[in-house]
Amino acid sequence: IDDDLLRRLPNLKVISKYGVGLDMIDMQAMQKYNIQLGWTGGVNRRSVSEVVISFAISLLRHVPASHREVLSGTWRQHIGGHLSGRTVGIIGCGYVGKDLVKMLQPFECTIIVNDIKNYNSFYKQYNIQAVEKEELLIKSDIVTLHTPLDNSTRNMLTAERMSLMKSDAILINAARGGLLDEDALKKMLINKKIGGAALDVFLTEPPEDRELLELSNFIVTPHIGGSANEAIMAMGRAAIDGLG
């Protein structure tokens, strides 16, 4: 939804957003044409948080590789590890990031975060340390992204930054495609420079890089982070409310 489209809709008064991402809407053009935005943040946060935890556990226990091997006729045990007690680095501590922090409490993880905003009271409540991105990447066993996509976050995980990660670390992106260098991630996965990765979102959807998609230490899902029945109902109600 850009300036060209809005210019051709002179009677349009309001756009109500189903979902939470605003990267496909030209906010300056909305203001230019005095169009109201109906938007509620975080209505799908629990859906996204749960899928992130499922990704982390699946990769730590080598579920994707085990599944493929059994289907191909190989029966062998993969030795994995617990999510419990790991260091989880959350880049972006907004609605989803905060919800993920709460969900990780029973796992007794060490949680470190990076965000451009200061949430000191929340950090103190949950014994969280805020650090720079580089420190987070170096220390984390699991890195998960929860930022919007804009000029400040586009390709924020470059090849150089991702190279800071532990060789057995896991990278998860269930936020927006374009936050990381997908080609660099593929090379790291192939060369075992990283333990595994899960992407629910891509720069181009559907993704076309079959080599990446077929790696045994990689999970791909078709942008299902918010696709739980409960989240769909909440997003629908929020979109209706946004028309008021």
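The following exercises, each with a worked solution, concern a predicted model.

**Exercise 1. Aromatic rings**

Determine how the rings of Tyr 119 and Tyr 123 are arranged, and then classify the pair formed by Phe 122 and Tyr 126.

*Solution.* 
Step 1. A pair of aromatic rings is described by the distance of the centres and the angle of the planes.
Step 2. Rings pair if their centres lie within 6.5 Å. By this rule, the model has 2 aromatic pairs.
Step 3. The centres of the Tyr 119 and Tyr 123 rings are 6.3 Å apart, and their planes stand at 85°. Planes over 60 degrees apart count as edge-to-face, so the pair of Tyr 119 and Tyr 123 is edge-to-face.
Step 4. For Phe 122 and Tyr 126, the distance is 4.8 Å centre to centre and the angle between the planes is 45°.

**Exercise 2. Surroundings of the rings**

State whether Tyr 123 and Phe 122 are buried or exposed, and identify the rings over which the charged end of Lys 98 sits.

*Solution.* 
Step 1. A residue is buried if its relative accessible area is under 20%.
Step 2. Tyr 123 has 5% relative accessibility and therefore counts as buried. The value for Phe 122 is 9%, so Phe 122 is buried.
Step 3. The charged end of Lys 98 sits over the ring of Tyr 119, at 3.2 Å from its centre. The charged end of Lys 98 also sits over the ring of Phe 122, at 5.6 Å from the centre of that ring.

**Exercise 3. Two packed helices**

Describe how helix 3 (residues 45-60) and helix 5 (residues 95-103) pack, and name the residues that meet.

*Solution.* 
Step 1. Two packed helices are described by the angle between their axes and the distance between the axes.
Step 2. Here the angle is about 55°, and the axes of helix 3 and helix 5 are 9 Å apart.
Step 3. An angle under 35 degrees would count as roughly parallel, and one of 65 to 115 as roughly perpendicular. Helix 3 and helix 5 are therefore oblique to each other. Helix 3 passes helix 5 in a right-handed crossing.
Step 4. Helix 3 contributes Arg 45, Arg 46, Val 48, Ser 49, Glu 50, Val 52 and Ile 53, which meet Tyr 95, Val 96, Asp 99, Leu 100 and Met 103 of helix 5.
Step 5. Buried residues of helix 5 include Val 96, Asp 99, Leu 100 and Met 103. The elements against which the buried residues of helix 5 pack include helix 3, strand 3 (87-91) and helix 6 (120-125).

**Exercise 4. Backbone features in loops**

Locate Asn 34, His 223 and Pro 206, and describe the backbone at each residue.

*Solution.* 
Step 1. Asn 34 is found in the loop between helix 2 (27-32) and strand 2 (36-38). Although Asn 34 is a residue other than glycine, its phi is positive, near 55°. With a relative accessible area of 66%, Asn 34 is exposed.
Step 2. His 223 lies in the loop between strand 9 (218-220) and helix 11 (229-241). His 223 is not a glycine, yet its phi is positive, about 55°. Its relative accessibility of 34% makes His 223 partly exposed.
Step 3. Pro 206 belongs to the loop between strand 8 (196-199) and helix 10 (210-213). The peptide bond from Glu 205 to Pro 206 is cis, with omega near 0°.

Methods
Residues are numbered from 1 along each chain as its sequence is written. This is a predicted model: local features need pLDDT of at least 70, side-chain atom pairs count only at pLDDT 80 or more; totals for chains, interfaces and linings use all residues. Side-chain values use heavy atoms; hydrogens and water are left out. Rings of Phe, Tyr and Trp (its six-membered ring) pair if their centres lie within 6.5 Å; planes under 30 degrees apart count as stacked, over 60 as edge-to-face and the rest as tilted. Buried means under 20% relative accessible area, exposed over 50%, partly exposed in between (1.4 Å probe, protein chains only). A charge sits over a ring if NZ of Lys or CZ of Arg is within 6 Å of the ring centre and within 35 degrees of the ring normal. Axes are lines fitted to C-alpha atoms, for helices over the stretch in contact, and angles run from 0 to 180 degrees between N-to-C directions. Helices (H or I, at least four residues) and strands (E, at least two) are DSSP runs, numbered from the N terminus. Angles under 35 degrees count as roughly parallel, over 145 as roughly antiparallel, 65 to 115 as roughly perpendicular and the rest as oblique. A crossing is left-handed if the near helix is turned anticlockwise from the far one by less than a right angle, and right-handed if clockwise. Contact means heavy atoms within 4.5 Å.
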